[in-house]
Amino acid sequence: MYQGGEGKHVCRCRKGVARYIVSPIAYLVYSYFIILDYLLRIKPDVVLLDITHGVNYMPMLTRGALAYTVDI
């Protein structure tokens with residue numbers, strides 16, 4: 001289960017326990033590549049972003065990732 005935020009986290013899953021380190025920058029980079037890949041495939045004329053809800057820093061960083069991808 002993802003706990004969010006920066007720091008060390010534990011993920012318990014069917015295959016055991018995984019420990020990982022998460023940072024907001026990792027989320028920003030991942031979001032950028034996902035958004036870029038999607039937009040290059042569909043080639044939209046307009047992009048609308050709904051950030052009315054999200055977890056902690058995610059709405060702000062999603063907007064930042066989109067800003068790197070398109071002109072806002």
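**Entry 1. Surface and burial**

I began with the surface: the protein chain exposes about 6000 Å², of which carbon and sulfur atoms supply 60% (Shrake-Rupley method, 1.4 Å probe). The model is predicted, with local features needing pLDDT of at least 70 and side-chain atom pairs pLDDT 80 or more, while totals for chains, interfaces and linings use all residues. Residues are numbered from 1 along each chain as its sequence is written, and side-chain values use heavy atoms, without hydrogens and water. I then looked up burial: of the 72 residues in the protein chain, 22% are buried (under 20% relative accessible area, 1.4 Å probe, protein chains only).

**Entry 2. Fold and contacts**

I noted two helices and two strands in the protein chain, taken as DSSP runs (helices H or I, at least four residues; strands E, at least two). Their pattern along the sequence is β-β-α-α. Among contacts (heavy atoms within 4.5 Å) with a separation of 6 or more, 42% join residues 24 or more positions apart.

**Entry 3. The largest pocket**

I looked up the largest pocket, which holds about 170 Å³ of space. A pocket here is an open set of points on a 1 Å grid where a 1.4 Å probe fits, with protein on both sides within 12 Å along at least five of seven lines; lining residues have an atom within 4 Å of a point. The volume is the space filled by probe spheres set on the points, which are joined across faces, edges and corners.

Helix H1 (24-42) and helix H2 (58-69) each give two or more residues to this lining; H1 provides the largest share, six residues. I recorded Tyr38, Pro44 and Thr62 among the lining residues. By class, I found ten nonpolar, two polar and no charged residues there.

Notes. Ala, Val, Leu, Ile, Met, Phe, Trp, Tyr, Cys and Pro count as nonpolar, Asp, Glu, Lys and Arg as charged, and the others, Gly among them, as polar. Buried means under 20% relative accessible area, exposed over 50%, partly exposed in between (1.4 Å probe, protein chains only).
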